[in-house]
Amino acid sequence: MSVPSQRFVRNTLLGALDLRDYEAVRAVAEPVSLARRDVLIAAGQPITHVHFLESGVVSEVTATPGGRRIEVNLTGREGFVGVPLLLDVDRTPYESFVQIEGEALRVEGVAFLRLIQAHDALRRCLSLYAYVAHLQTADTAISNGNHTLEERLARWLLMCHDRVPGDALPVTHAFLSTMLGVRRPGVTTAIHSLEGAGGIRARRSQVEVLDREKLKAAAGGSYGMPEREYRRLIGVAP
Amino acid sequence: MPRYFLNIRDNDALIADPDGDDIPDLDEARTLALEIINDILGRPNVYGAPGPWQARSFEITDETGTVLLTIPFASV
(Lines give C-alpha, C1' and ligand atoms only; values in the text may rest on other atoms or scores of the structure.)
Protein backbone atom coordinates (compact mmCIF):
# COMPACT_ATOMS: atom_id res chain seq x y z
CA MET A 1 0.00 0.00 0.00
CA SER A 2 1.15 3.55 -0.66
CA VAL A 3 -0.46 6.94 -0.12
CA PRO A 4 -2.48 7.67 -3.28
CA SER A 5 -2.22 10.82 -5.34
CA GLN A 6 -5.04 13.25 -4.56
CA ARG A 7 -7.01 12.13 -7.58
CA PHE A 8 -7.43 8.70 -6.05
CA VAL A 9 -7.78 9.58 -2.38
CA ARG A 10 -11.14 8.50 -0.97
CA ASN A 11 -11.14 10.65 2.18
CA THR A 12 -13.46 13.56 1.43
CA LEU A 13 -11.53 16.12 3.51
CA LEU A 14 -8.21 15.27 1.87
CA GLY A 15 -9.91 15.32 -1.52
CA ALA A 16 -11.18 18.86 -0.84
CA LEU A 17 -7.72 20.30 -0.08
CA ASP A 18 -5.53 22.34 -2.41
CA LEU A 19 -2.99 20.12 -4.11
CA ARG A 20 -0.10 21.73 -2.20
CA ASP A 21 -1.73 21.03 1.16
CA TYR A 22 -2.58 17.51 0.07
CA GLU A 23 1.01 16.83 -0.95
CA ALA A 24 2.17 18.06 2.47
CA VAL A 25 -0.14 15.55 4.15
CA ARG A 26 0.89 12.86 1.69
CA ALA A 27 4.56 13.38 2.54
CA VAL A 28 4.03 12.42 6.19
CA ALA A 29 1.05 10.05 5.93
CA GLU A 30 1.24 6.30 6.12
CA PRO A 31 -1.46 3.90 4.88
CA VAL A 32 -2.83 1.45 7.46
CA SER A 33 -5.46 -1.27 7.53
CA LEU A 34 -8.16 -1.00 10.15
CA ALA A 35 -9.42 -4.30 11.57
CA ARG A 36 -12.70 -4.57 13.44
CA ARG A 37 -12.23 -3.60 17.12
CA ASP A 38 -8.85 -1.91 16.57
CA VAL A 39 -8.59 0.94 19.07
CA LEU A 40 -7.41 4.17 17.41
CA ILE A 41 -7.75 6.31 20.53
CA ALA A 42 -7.72 4.64 23.95
CA ALA A 43 -9.65 6.41 26.71
CA GLY A 44 -7.37 8.61 28.80
CA GLN A 45 -4.21 7.65 26.87
CA PRO A 46 -2.06 10.01 24.80
CA ILE A 47 -3.31 10.23 21.20
CA THR A 48 -0.43 9.09 19.00
CA HIS A 49 -1.85 9.52 15.48
CA VAL A 50 -4.67 11.08 13.56
CA HIS A 51 -6.42 8.80 11.05
CA PHE A 52 -7.98 10.07 7.84
CA LEU A 53 -10.39 7.27 6.99
CA GLU A 54 -10.34 6.00 3.42
CA SER A 55 -13.02 3.39 4.12
CA GLY A 56 -14.64 1.72 7.10
CA VAL A 57 -16.37 3.21 10.11
CA VAL A 58 -14.98 4.26 13.49
CA SER A 59 -17.13 4.78 16.60
CA GLU A 60 -16.39 7.01 19.53
CA VAL A 61 -17.96 5.56 22.65
CA THR A 62 -18.32 6.32 26.31
CA ALA A 63 -19.47 4.18 29.22
CA THR A 64 -22.73 5.03 30.99
CA PRO A 65 -22.78 5.04 34.82
CA GLY A 66 -24.36 1.56 34.57
CA GLY A 67 -21.27 0.33 32.72
CA ARG A 68 -23.00 0.07 29.34
CA ARG A 69 -21.23 1.56 26.34
CA ILE A 70 -22.96 4.07 24.11
CA GLU A 71 -21.84 5.78 20.94
CA VAL A 72 -21.25 9.52 20.86
CA ASN A 73 -19.81 9.88 17.35
CA LEU A 74 -19.43 8.04 14.07
CA THR A 75 -16.69 8.73 11.50
CA GLY A 76 -16.19 7.42 7.99
CA ARG A 77 -14.29 8.58 4.95
CA GLU A 78 -15.88 12.03 5.33
CA GLY A 79 -13.73 12.73 8.37
CA PHE A 80 -10.73 12.02 10.52
CA VAL A 81 -10.20 10.51 13.95
CA GLY A 82 -8.11 12.67 16.27
CA VAL A 83 -10.05 15.94 16.59
CA PRO A 84 -8.57 16.52 20.11
CA LEU A 85 -5.06 16.87 18.60
CA LEU A 86 -6.35 19.54 16.23
CA LEU A 87 -7.60 21.42 19.29
CA ASP A 88 -4.29 21.04 21.13
CA VAL A 89 -5.71 18.36 23.44
CA ASP A 90 -3.48 15.34 24.03
CA ARG A 91 -6.01 12.81 25.37
CA THR A 92 -9.74 12.23 25.78
CA PRO A 93 -11.97 10.21 28.15
CA TYR A 94 -13.67 8.58 25.15
CA GLU A 95 -12.51 5.60 23.14
CA SER A 96 -12.47 5.45 19.34
CA PHE A 97 -12.49 1.99 17.81
CA VAL A 98 -13.06 0.44 14.42
CA GLN A 99 -16.54 -0.95 14.01
CA ILE A 100 -16.43 -1.67 10.27
CA GLU A 101 -13.03 -2.61 8.87
CA GLY A 102 -11.36 -0.42 6.31
CA GLU A 103 -8.28 1.62 5.50
CA ALA A 104 -6.87 4.91 6.67
CA LEU A 105 -4.02 7.32 6.08
CA ARG A 106 -2.48 8.06 9.44
CA VAL A 107 -0.22 10.90 10.50
CA GLU A 108 1.89 10.81 13.64
CA GLY A 109 0.92 13.40 16.28
CA VAL A 110 3.93 15.72 16.17
CA ALA A 111 4.01 15.68 12.35
CA PHE A 112 0.29 16.51 12.40
CA LEU A 113 0.83 19.54 14.66
CA ARG A 114 3.56 20.80 12.31
CA LEU A 115 1.24 20.28 9.33
CA ILE A 116 -1.61 22.34 10.76
CA GLN A 117 0.78 25.10 11.86
CA ALA A 118 2.28 25.37 8.38
CA HIS A 119 -0.89 24.94 6.33
CA ASP A 120 -3.67 27.24 7.40
CA ALA A 121 -6.18 26.10 4.77
CA LEU A 122 -5.69 22.52 5.98
CA ARG A 123 -6.21 23.59 9.61
CA ARG A 124 -9.33 25.47 8.57
CA CYS A 125 -10.79 22.51 6.65
CA LEU A 126 -10.18 20.18 9.60
CA SER A 127 -11.70 22.75 11.99
CA LEU A 128 -14.87 22.86 9.89
CA TYR A 129 -15.03 19.08 10.15
CA ALA A 130 -14.47 19.25 13.93
CA TYR A 131 -17.45 21.59 14.13
CA VAL A 132 -19.66 19.24 12.08
CA ALA A 133 -18.53 16.32 14.27
CA HIS A 134 -19.62 18.35 17.30
CA LEU A 135 -23.04 18.89 15.65
CA GLN A 136 -23.33 15.16 15.07
CA THR A 137 -22.63 14.42 18.75
CA ALA A 138 -25.14 17.07 19.82
CA ASP A 139 -27.73 15.57 17.47
CA THR A 140 -27.05 12.11 18.89
CA ALA A 141 -27.74 13.46 22.38
CA ILE A 142 -30.94 15.14 21.18
CA SER A 143 -32.03 11.98 19.42
CA ASN A 144 -31.26 9.82 22.49
CA GLY A 145 -33.45 12.06 24.61
CA ASN A 146 -36.28 12.87 22.26
CA HIS A 147 -36.68 10.20 19.63
CA THR A 148 -38.04 6.67 19.76
CA LEU A 149 -35.72 3.72 19.51
CA GLU A 150 -37.04 3.04 16.00
CA GLU A 151 -36.25 6.61 14.91
CA ARG A 152 -32.78 6.44 16.47
CA LEU A 153 -32.09 3.13 14.73
CA ALA A 154 -33.23 4.55 11.38
CA ARG A 155 -30.93 7.56 11.87
CA TRP A 156 -27.99 5.33 12.79
CA LEU A 157 -28.52 3.07 9.76
CA LEU A 158 -28.65 6.11 7.45
CA MET A 159 -25.42 7.47 8.95
CA CYS A 160 -23.75 4.09 8.57
CA HIS A 161 -25.09 3.76 4.99
CA ASP A 162 -23.54 7.16 4.18
CA ARG A 163 -20.14 5.75 5.14
CA VAL A 164 -19.99 2.30 3.53
CA PRO A 165 -20.02 1.37 -0.15
CA GLY A 166 -23.12 -0.53 -1.22
CA ASP A 167 -26.31 -1.23 0.67
CA ALA A 168 -25.33 -4.12 2.95
CA LEU A 169 -24.27 -2.91 6.39
CA PRO A 170 -22.23 -5.53 8.27
CA VAL A 171 -23.79 -5.03 11.72
CA THR A 172 -25.16 -7.51 14.24
CA HIS A 173 -28.08 -6.83 16.56
CA ALA A 174 -25.70 -7.10 19.52
CA PHE A 175 -23.53 -4.43 17.97
CA LEU A 176 -26.45 -2.10 17.30
CA SER A 177 -27.64 -2.57 20.87
CA THR A 178 -24.25 -1.31 22.10
CA MET A 179 -24.23 1.63 19.71
CA LEU A 180 -27.71 2.71 20.75
CA GLY A 181 -27.22 1.82 24.42
CA VAL A 182 -30.27 -0.45 24.59
CA ARG A 183 -31.19 -4.09 25.18
CA ARG A 184 -30.85 -6.32 22.15
CA PRO A 185 -34.56 -7.28 21.97
CA GLY A 186 -35.27 -3.54 21.68
CA VAL A 187 -33.08 -3.42 18.56
CA THR A 188 -34.54 -6.65 17.17
CA THR A 189 -38.08 -5.29 17.55
CA ALA A 190 -37.15 -1.93 16.00
CA ILE A 191 -35.46 -3.70 13.06
CA HIS A 192 -38.58 -5.81 12.58
CA SER A 193 -40.67 -2.66 12.45
CA LEU A 194 -38.35 -0.88 9.97
CA GLU A 195 -38.44 -4.04 7.86
CA GLY A 196 -42.22 -3.97 7.92
CA ALA A 197 -42.13 -0.38 6.63
CA GLY A 198 -39.96 -1.52 3.69
CA GLY A 199 -36.85 0.52 4.56
CA ILE A 200 -34.49 -2.37 5.22
CA ARG A 201 -34.07 -6.14 5.03
CA ALA A 202 -32.35 -7.81 7.96
CA ARG A 203 -30.14 -10.87 7.69
CA ARG A 204 -27.95 -12.44 10.29
CA SER A 205 -25.03 -10.07 10.96
CA GLN A 206 -26.20 -7.76 8.21
CA VAL A 207 -28.78 -5.10 7.50
CA GLU A 208 -29.51 -4.23 3.88
CA VAL A 209 -30.82 -0.76 3.09
CA LEU A 210 -33.66 -1.05 0.56
CA ASP A 211 -35.15 2.42 0.56
CA ARG A 212 -33.37 5.47 2.01
CA GLU A 213 -36.43 7.70 1.67
CA LYS A 214 -38.47 5.30 3.81
CA LEU A 215 -35.65 5.19 6.34
CA LYS A 216 -35.52 8.99 6.41
CA ALA A 217 -39.27 9.08 7.04
CA ALA A 218 -38.80 6.51 9.81
CA ALA A 219 -36.05 8.65 11.37
CA GLY A 220 -38.71 11.25 12.18
CA GLY A 221 -36.54 14.29 11.43
CA SER A 222 -33.62 13.07 13.54
CA TYR A 223 -31.30 12.60 10.53
CA GLY A 224 -29.61 15.06 8.23
CA MET A 225 -28.63 18.34 9.90
CA PRO A 226 -24.87 17.63 10.34
CA GLU A 227 -24.78 16.25 6.79
CA ARG A 228 -26.32 19.47 5.45
CA GLU A 229 -23.87 21.56 7.46
CA TYR A 230 -20.97 19.49 6.12
CA ARG A 231 -22.08 20.26 2.56
CA ARG A 232 -22.55 23.95 3.33
CA LEU A 233 -19.21 24.43 5.11
CA ILE A 234 -16.84 22.08 3.33
CA GLY A 235 -18.48 22.44 -0.04
CA VAL A 236 -18.70 18.77 -0.96
CA ALA A 237 -21.07 15.95 -0.04
CA PRO A 238 -19.90 14.09 3.10
CA MET B 1 -22.46 -23.43 27.28
CA PRO B 2 -25.86 -23.82 25.59
CA ARG B 3 -27.23 -21.03 23.44
CA TYR B 4 -30.72 -19.72 24.07
CA PHE B 5 -32.69 -17.46 21.74
CA LEU B 6 -34.98 -14.83 23.22
CA ASN B 7 -37.52 -14.50 20.41
CA ILE B 8 -40.42 -12.10 20.75
CA ARG B 9 -44.01 -13.13 20.03
CA ASP B 10 -46.04 -10.13 18.89
CA ASN B 11 -49.58 -11.34 18.20
CA ASP B 12 -49.23 -13.41 15.01
CA ALA B 13 -45.68 -12.31 14.30
CA LEU B 14 -42.60 -14.01 15.69
CA ILE B 15 -39.66 -11.61 15.86
CA ALA B 16 -36.70 -13.98 15.81
CA ASP B 17 -33.60 -13.40 17.89
CA PRO B 18 -30.95 -14.01 15.22
CA ASP B 19 -27.90 -14.21 17.50
CA GLY B 20 -28.92 -15.82 20.76
CA ASP B 21 -26.99 -15.73 24.04
CA ASP B 22 -24.65 -18.28 25.60
CA ILE B 23 -26.22 -18.89 29.01
CA PRO B 24 -25.45 -21.65 31.58
CA ASP B 25 -29.02 -22.97 31.83
CA LEU B 26 -32.71 -22.21 31.28
CA ASP B 27 -33.08 -20.67 34.75
CA GLU B 28 -30.43 -18.10 33.90
CA ALA B 29 -32.16 -17.48 30.56
CA ARG B 30 -35.39 -16.81 32.45
CA THR B 31 -33.57 -14.41 34.80
CA LEU B 32 -32.11 -12.53 31.81
CA ALA B 33 -35.53 -12.33 30.11
CA LEU B 34 -37.12 -10.93 33.29
CA GLU B 35 -34.32 -8.37 33.65
CA ILE B 36 -34.85 -7.26 30.06
CA ILE B 37 -38.64 -7.01 30.49
CA ASN B 38 -38.21 -4.89 33.64
CA ASP B 39 -35.75 -2.64 31.85
CA ILE B 40 -37.95 -2.23 28.77
CA LEU B 41 -41.17 -1.55 30.71
CA GLY B 42 -39.34 0.70 33.17
CA ARG B 43 -37.73 2.99 30.58
CA PRO B 44 -40.55 4.16 28.27
CA ASN B 45 -38.42 7.20 27.30
CA VAL B 46 -36.06 4.73 25.60
CA TYR B 47 -38.28 1.83 24.54
CA GLY B 48 -41.60 3.59 23.97
CA ALA B 49 -44.91 3.25 25.78
CA PRO B 50 -45.34 -0.01 27.76
CA GLY B 51 -48.69 -0.74 26.06
CA PRO B 52 -47.42 -2.45 22.89
CA TRP B 53 -44.73 -4.28 24.88
CA GLN B 54 -47.29 -5.68 27.31
CA ALA B 55 -48.96 -7.44 24.38
CA ARG B 56 -45.69 -9.29 23.64
CA SER B 57 -44.04 -12.40 25.08
CA PHE B 58 -40.57 -13.86 25.10
CA GLU B 59 -40.47 -17.29 23.46
CA ILE B 60 -37.19 -18.79 24.56
CA THR B 61 -35.90 -21.50 22.24
CA ASP B 62 -32.82 -23.69 22.08
CA GLU B 63 -30.62 -24.15 19.02
CA THR B 64 -33.05 -26.65 17.49
CA GLY B 65 -35.86 -24.07 17.68
CA THR B 66 -37.83 -25.92 20.33
CA VAL B 67 -39.79 -23.51 22.52
CA LEU B 68 -38.65 -24.09 26.11
CA LEU B 69 -40.35 -21.25 27.90
CA THR B 70 -42.86 -18.46 27.22
CA ILE B 71 -42.85 -15.32 29.38
CA PRO B 72 -45.54 -12.72 28.64
CA PHE B 73 -44.33 -9.18 29.28
CA ALA B 74 -47.65 -8.52 31.02
CA SER B 75 -46.84 -11.22 33.61
CA VAL B 76 -43.90 -9.26 35.00
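1. Two residues are in contact if their C-beta atoms, placed from the backbone, lie within 7 Å. In chain A, residues 24 or more positions apart account for 74% of the contacts with a separation of 6 or more.

2. A word on what you are looking at: this is a predicted model, in which local features need pLDDT of at least 70, side-chain atom pairs count only at pLDDT 80 or more, and totals for chains, interfaces and linings use all residues. Residues are numbered from 1 along each chain as its sequence is written, while chains are lettered from A and ligands numbered from 1 in the order in which they are written.

3. Chain B has three helices and five strands (DSSP runs, numbered from the N terminus: H or I of at least four residues for helices, E of at least two for strands).

4. Chain A holds ten helices and eleven strands. Its C-alpha trace spans about 50 × 35 × 30 Å along the principal axes. Of its 238 residues, 41% are buried, that is, 20 or more other C-beta atoms (placed from the backbone) lie within 10 Å of their own. For chain B, 28% of the 76 residues count as buried.

5. Now look inside chain A. A nonpolar core is a set of buried Ala, Val, Leu, Ile, Met, Phe, Trp, Tyr and Cys residues joined through C-beta atoms within 7 Å. The largest one has 75 residues, and A:F80 and A:L153 are among those touching the most other members. Helix α6 (residues 149-163) of chain A gives the most to this core, with eight residues. Domain 1 (6-143 + 229-234) and domain 2 (148-221), with bounds from an automatic or database domain assignment, both give residues to the core, so it lies between them.

6. Finally, see where the chains meet. The contact takes twelve residues from chain B and 13 residues from chain A. On the side of chain B that touches chain A, α1(B) gives the most, with three residues.

Terms used. A residue is buried if 20 or more other C-beta atoms lie within 10 Å of its own, exposed if 12 or fewer, and partly exposed in between; C-beta atoms are placed from the backbone.
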